[in-house]
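Biologist: I am new to this one and would like to learn how to read its helices and rings. Could you walk me through it?

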Amino acid sequence: MKKWFAAGLLILSVAYTAHGLSTLTLVTSSGRPAAGFFPLLIGLLMMISCAVNLLGDWREESAQRRSGIVPRHQADPEAEAKADALGVDAHGIDGGQDYGRDVLIVFLYICGFVAIMKPIGAFLAMVLFMLAFLFTFNRAHVLSNLIYSVALPGFLYGLFKVLLNASLPISPFGF
């Protein structure tokens, strides 16, 4: 399953990079890097990291097939106890049975984030995404969740909107 997931991510990163190459302007008329340069760089880094991950998963599966020993998932009792003590829902961290459910939840949150970004603006969409994500996977730390949910979107909004002058969707409240 890991190998196919890695292969799917590699296909998505190749499609993202190909779409960027065909639609974005990479160099300005004066020969400087244009706005499409950064997404292309991200796409290339995604392709490299996904290819390395796929190769590692493939080698691991081949080694397991040659040896005939397939490791079975067993939760680490020490890690589970630490997670319980910290109030962290860690069932997916060690590859437990609910790992697929967590991936589905994150995928749905990302889809929701993309869907609400234009109507309510980038900053509010980021704040809502962070609140939903943190209160799903880190329920025990209410204050830190609230701080992170405002601080990280505030930093990213300032970075992209103010420093990089990127065009982000604006909320009905003007930010």
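Modeller: Gladly! Let's begin with a cut-off: an angle over 145 degrees between two axes counts as roughly antiparallel. Please keep in mind that this is a predicted model.

Biologist: How are two packed helices described in general?

Modeller: Two packed helices are described by the angle between their axes and by the distance between the axes. Here, helix α1 covers residues 2-23 and helix α2 covers residues 37-67. They pack at an angle of about 160°, and their axes are 8 Å apart.

Biologist: What does that angle make α1 and α2 to each other, roughly parallel or roughly antiparallel?

Modeller: With the cut-off at 145 degrees, α1 and α2 are therefore roughly antiparallel.

Biologist: Is the crossing of α1 and α2 left-handed or right-handed?

Modeller: The crossing in which α1 passes α2 is left-handed. Sorted by class, the contact of α1 with α2 has 16 nonpolar, 4 polar and 5 charged residues.

Biologist: What angle do α5 and α6 pack at?

Modeller: Helix α6 spans residues 142-163, and α5 packs with α6 at about 150°, with 9 Å between the axes. That makes this pair roughly antiparallel. The crossing of α5 past α6 is right-handed.

Biologist: Which residues make the contact between α5 and α6?

Modeller: On the α5 side they include Phe123, Met126 and Leu134, and on the α6 side Val142, Leu146 and Tyr157 are among them. By class, this contact has 15 nonpolar, 3 polar and no charged residues.

Biologist: Now the rings, please. How many aromatic pairs are there?

Modeller: Rings pair if their centres lie within 6.5 Å, and the count comes to 4 aromatic pairs. In one of them, Phe129 and Phe133 are stacked, at 6.1 Å centre to centre with 20° between the planes.

Biologist: Why are Phe129 and Phe133 separated by about one helical turn?

Modeller: Because they are 4 residues apart in helix α5, which runs over residues 122-137. Phe129 counts as partly exposed at 22% relative accessibility, and Phe133 counts as partly exposed at 28%.

Biologist: How is the pair of Phe133 and Phe137 arranged, stacked or tilted?

Modeller: Phe133 and Phe137 are tilted, 5.1 Å centre to centre with 50° between the planes. These two are also 4 residues apart in α5, so about one helical turn separates them. Phe137 is buried, because its relative accessible area is 17% and the cut-off for buried is under 20%.

Biologist: Which residues do ring pairs link into a cluster?

Modeller: Phe113, Phe129, Phe133 and Phe137 are linked into a cluster by ring pairs.

Conventions
Residues numbered from 1 in each chain as written. Predicted model: local features only at pLDDT ≥ 70, side-chain atom pairs only at ≥ 80, totals over all residues. Heavy atoms only, no water. Phe/Tyr/Trp six-rings, centres within 6.5 Å; stacked < 30°, edge-to-face > 60°. Buried < 20%, exposed > 50% of the residue type's maximum accessible area, 1.4 Å probe, protein only. Axes fitted to C-alpha atoms, helices over the stretch in contact; angles between N-to-C directions. Parallel < 35°, antiparallel > 145°, perpendicular 65-115°, else oblique. Left-handed = near helix turned anticlockwise from the far one by under 90°. Nonpolar A, V, L, I, M, F, W, Y, C, P; charged D, E, K, R; others polar. Contact = heavy atoms within 4.5 Å.
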